[in-house]
Amino acid sequence: MDGSNVKSRTVKNPGILNIGLVGCGFMGRTHSNAFRQAPRFFDLPYQPVLKTVCARNGEKASAFADQWGYESFETNWRKMVDAEDIDLIDIASPNDTHAEVAVAAAQAGKMVMCEKPLGRHPGESEAMVRAVEDAGVANMVWYNYRRVPAVTMAKQLIDEGRLGRIFHYRTVFLQDWTISADLPQGGEGLWRLDASVSGSGVTGDLLAHNIDTAMWLNGQIDEVTATTETFIKSRKHNVTGKEEPVYIDDASLFLARFTNGSLATFEATRYARGHKALYTFEINGERASIKWDLHDLHRLEYFDHRDEGKLRGWRSIHVTDGDQPYMKHWWVPGLQIGYEHSFIHQAADFLKALADNQSAPPTFRDALRTDYVTDAVLKSARSRQWEKAKTA
């Protein structure tokens with residue numbers, strides 16, 4: 001079973017999908033906004049209802065419920081999983097909670113959506129895949145960059161054969177927010193510096209996005225050779241109250257071979273001063289090349305060698321027209337959209353797929369393939385050898 005077909009929608013009320021959200025941080029906001037906005041712009045078979053939000057801190061959960069319009073709040077996610085009036089459990093909490101919540105939700109017959117990465121390691125991810133597939137429930141992982149219209153358009157161009165045979169794929173994700181040796185000092189998101197919570201550093205947090213997009217666009221990654229570095233080896237993570245040093249990968253670089261024979265370079269770091277979220281990719285084929293930059297996310301750069309010689313050159317395609325992916329649901333051509341819309345598109349695709357008893361990609365099994373690659377990257381960094389990536 002590939003995880004796309006589901007046995008039943010498990011929706012209690014026809015046309016209504018009651019959502020229980022776990023986590024009320026940054027990702028909880030993006031998901032809540034997505035479910036709020038999707039039915040306002042898309043014709044959907046189900047109306048999402050923000051039923052319950054759960055967080056360990058009751059005061060924060062209550063405030064979040066009031067802000068986003070959830071009908072109630074909980075501090076114990078198990079109560080939400082057991083609730084008869086919840087159809088979908090959406091996991092937007094730290095990585096160490098993903099597996100336990102997802103498995104319990106699937107066993108209770110709930111649909112499950114989950115933030116990336118799926119698990120902290122392949123063992124957790126495999127358990128999550130088994131749970132949703134054994135239960136036959138709809139599932140999806142929030143790899144939102146697939147739903148940026150320019151990235152979706154890149155997929156269409158590749159599938160149409162416009163690039164021809166692919167030779168190269170190169171991609172980076174650069175940040176600079178953890179350079180200070182004084183971190184962590186409290187605040188949202190610093191659990192990412194605790195390996196026991198996050199599972200890994202930039203490999204699972206940033207490169208997972210690059211890997212998911214790369215395999216969606218260019219097929220399975222076969223093998224990798226990698227290096228990682230921890231620049232600050234004695235960080236104290238007072239987020240959890242522990243005193244031992246934390247060792248996570250602050251930077252991760254690897255070479256890859258795809259099964260189609262193309263080569264790739266991947267790089268992620270949180271130590272690139274001046275970069276807050278520089279995510280780019282470029283793909284070179286025998287006929288054409290494409291490139292994309294998150295900082296200019298509504299544009300797709302395209303070069304076609306078949307153009308007349310004197311006019312041959314890179315063109316900038318402004319992806320805002322109605323015949324381009326998703327854009328007919330928004331504004332008039334020329335008016336762009338942003339980061340939050342990628343989550344709205346993903347929520348809409350998930351809801352539309354339910355009408356056909358389908359799970360929209362990326363499913364848990366799709367995300368497991370990405371986790372197998374990140375695991376191979378971390379293994380290669382330790383072994384200093386090429387490592388094969390398992391396939392799901």
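Mentor: Start with β14 (residues 288-293) and β15 (residues 299-304), which run antiparallel and are joined by four bridges. Strands here are DSSP runs (E, at least two residues), helices are too (H or I, at least four), and both are numbered from the N terminus. Two strands pair if DSSP finds at least two bridges between them.

Trainee: Before we go on, what kind of model is this?
Mentor: This is a predicted model: local features need pLDDT of at least 70, side-chain atom pairs count only at pLDDT 80 or more, and totals for chains, interfaces and linings use all residues. Residues are numbered from 1 along each chain as its sequence is written, and side-chain values use heavy atoms, with hydrogens and water left out.

Trainee: Back to that pair. Which residue is the bridge partner of Ala-288 in β15?
Mentor: Asp-304.

Trainee: What is Phe-303 in contact with, leaving aside neighbours within four places in sequence?
Mentor: Arg-287, Ala-288, Ser-289, Arg-312, Gly-313 and Trp-314. Contact means heavy atoms within 4.5 Å.

Trainee: In what order do the strands of that open sheet run?
Mentor: Nine strands, in the order β16-β15-β14-β13-β7-β12-β11-β8-β17, with mixed pairing. The edge strands are β16 (315-318) and β17 (387-388), and each pairs on one side only.

Trainee: Remind me, how do strands of a sheet pair?
Mentor: Through backbone hydrogen bonds, either parallel or antiparallel.

Trainee: OK, zoom out. How many helices and strands are in the protein?
Mentor: Ten helices and 17 strands. The radius of gyration is 21 Å, close to the 21 Å that the globule rule gives for 392 residues, so the protein is as compact as a globular protein of that length. That radius is taken over C-alpha atoms, and the rule is 2.2 Å times the number of residues to the power 0.38.

Trainee: What does the C-alpha trace span?
Mentor: About 65 × 50 × 40 Å along the principal axes.

Trainee: How much of it counts as buried?
Mentor: 56% of the 392 residues. Buried means under 20% relative accessible area, exposed over 50%, partly exposed in between (1.4 Å probe, protein chains only).

Trainee: Now β1. Is it enclosed or open?
Mentor: Six of the seven residues of β1 (residues 16-22) are buried, so it is largely enclosed by the rest of the structure. Seven bridges join β1 to β2 (residues 47-54), and the two run parallel. Leu-21 stands opposite Val-53 in β2.

Trainee: Which way does β1 run relative to β4?
Mentor: Parallel, over four bridges. Val-22 has Ile-91 in β4 as its bridge partner.

Trainee: Which way do the β4 side chains point?
Mentor: Leu-88 and Asp-90 point one way, Ile-89 and Ile-91 the other way. All of these are buried. β4 also pairs with β5, in the parallel sense over four bridges. There, Asp-90 has Met-113 as its bridge partner.

Trainee: Switching to helices. How many residues of α4 are buried?
Mentor: Eight of the ten in α4 (residues 98-107), so the helix is largely enclosed by the rest of the structure. Among them are His-98, Val-101 and Val-103.

Trainee: What do they pack against?
Mentor: β1, α3 (77-82), β4 (88-91), β5, α5 and α10. After α4 comes Gly-109, with a positive phi near 85°.

Trainee: Where are the cis peptide bonds you flagged?
Mentor: One joins Lys-116 and Pro-117, with omega about -10°. Pro-117 is in the loop between β5 (111-114) and α5 (122-135). Another joins Pro-361 and Pro-362, with omega about 0°. Pro-362 is in the loop between α9 (339-354) and α10 (364-383).

Trainee: Tyr-326 has a positive phi. What is its value?
Mentor: Near 70°, in a residue other than glycine. Tyr-326 is in the loop between β16 and α9. It is buried, with a relative accessible area of 16%.

Trainee: And Arg-384, buried or exposed?
Mentor: Exposed, with a relative accessible area of 73%. Arg-384 also has a positive phi, about 60°, although it is not a glycine. Its place is in the loop between α10 and β17.
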